[in-house]
Every structure is written in structure tokens, then in C-alpha cells.
Amino acid sequence: QYKYDRPNRMDWTVVRGSVKELIGSYQFDAIGPEQTRVKYDLMVDPGFPLPGPIRKATSRAICNAALQELKRYTELPSTLQRLRRGGAVRQAAGPAPTDLVESVAMIV
């Protein structure tokens with residue numbers, strides 16, 4: 001289930017699956033004419049006890065992978081073309097999404 005507050009935020013909640021609870025969000029903040037800072041928050045409850053170090057390492061890997069995938073996606077020529085073509089979307093989104101500064105926030 002997704003909730004959008006364009007162009008600043010996207011939240012989601014997994015409503016069914018193999019984990020007890022999975023909630024995440026992206027927060028987008030313009031920091032310059034061609035830069036956007038992305039903060040990724042993630043809360044995971046697997047539904048069973050998990051040792052702290054494993055939980056932390058897993059959360060960090062998930063957050064880093066999510067941000068790298070978002071960065072890769074925003075730098076695709078087809079994505080940039082679609083954003084530029086959708087005038088209102090491009091203007092509402094603020095700076096071009098090609099230079100993401102990664103800021104990971106984990107809630108575990």
C-alpha cells in the first residue's frame with residue numbers, strides 16, 4: 001500500500017507477505033540546483049526474534065540496496081526523458097534527480 005506526498009515523500013506499508021510488519025518511506029529534499037537528498041526509513045518486524053547484529057546488518061544492506069536501485073533508476077535515460085516530458089511532474093519535482101546524496105535512516 002503506497003501513499004504519496006509529491007514531490008517530497010513516498011510511504012509504503014506491506015499489507016501481506018512473509019514478514020509481520022514492513023513499513024518504509026523515501027523523503028526527498030532539494031539541496032542544490034542539480035541535487036536531491038534522499039532519506040530512506042525502514043521498519044521491519046520479521047515476526048520472530050533476530051539477534052541485534054544480524055538485524056542491523058540486514059537493515060543496512062536493505063537500505064543501501066534500495067538507495068542504489070533508486071539512484072540507478074533515476075539515472076536511466078528513459079526515466080529522465082519521462083520526467084522531462086511530463087512538464088508538471090518535472091517542475092513539481094524540483095531539481096533533476098541525477099545527483100542523489102544518500103542519507104540512510106534505519107528504524108529497527
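A residue is called buried when its relative accessible area is under 20%, exposed when that area is over 50%, and partly exposed in between, as judged with a 1.4 Å probe and with protein chains only. The structure is a predicted model, in which local features need pLDDT of at least 70 and side-chain atom pairs count only at pLDDT 80 or more, while totals for chains, interfaces and linings use all residues. Residues are numbered from 1 along each chain as its sequence is written, and side-chain values use heavy atoms, with hydrogens and water left out.

The chain holds three helices and five strands, where helices (H or I, at least four residues) and strands (E, at least two) are DSSP runs numbered from the N terminus. Read from the N terminus, the order of these elements is β-β-β-β-α-α-α-β. Of the 108 residues in the chain, 24% are buried.

Four salt bridges were counted, a salt bridge being a side-chain nitrogen of Lys or Arg within 4 Å of a carboxyl oxygen of Asp or Glu. Side chains of opposite charge can pair when their charged atoms come close. One of these bridges joins Arg72 to Glu69, with the closest N and O atoms 2.6 Å apart; because the two residues lie three apart in helix H1, about one helical turn separates them. Arg72 is partly exposed at 43% relative accessibility, and Glu69 is partly exposed at 40%. Another bridge links Glu75 with Lys71, the closest N and O atoms being 2.7 Å apart; here Glu75 is partly exposed, with a relative accessible area of 34%, and Lys71 is partly exposed at 21%. Arg9, partly exposed at 27%, pairs with Asp11, and their closest N and O atoms are 3.0 Å apart.

The second largest pocket contains about 160 Å³ of space (a pocket is an open set of points on a 1 Å grid over the protein atoms alone, with protein on both sides within 12 Å along at least five of seven lines, and lining residues have an atom within 4 Å of a point). Eleven residues line this pocket, and those closest to its centre are Val44, Pro46, Leu50, Thr58 and Ile62. Helix H1 supplies the largest share of the lining, namely four residues.

Helix H1, which spans residues 52–74, also contains Ile54, a partly exposed residue with a relative accessible area of 46%. Together with Phe48 and Leu50, Ile54 makes a nonpolar surface patch of about 270 Å², where patches are made of residues with over 30% relative accessible area and no salt bridge, and nonpolar side chains (Val, Leu, Ile, Met, Phe, Trp, Tyr) are joined within 5 Å, like charges within 9 Å.

Methods
Accessible areas come from the Shrake-Rupley method with a 1.4 Å probe; for residues, only the protein chains shown count as cover. On a 1 Å grid over the protein atoms alone, a cavity is a set of points where a 1.4 Å probe fits but cannot get out, and a pocket is an open set with protein on both sides within 12 Å along at least five of seven lines; lining residues have an atom within 4 Å of a point. Grid points are joined across faces, edges and corners, and a volume is the space filled by probe spheres set on the points.
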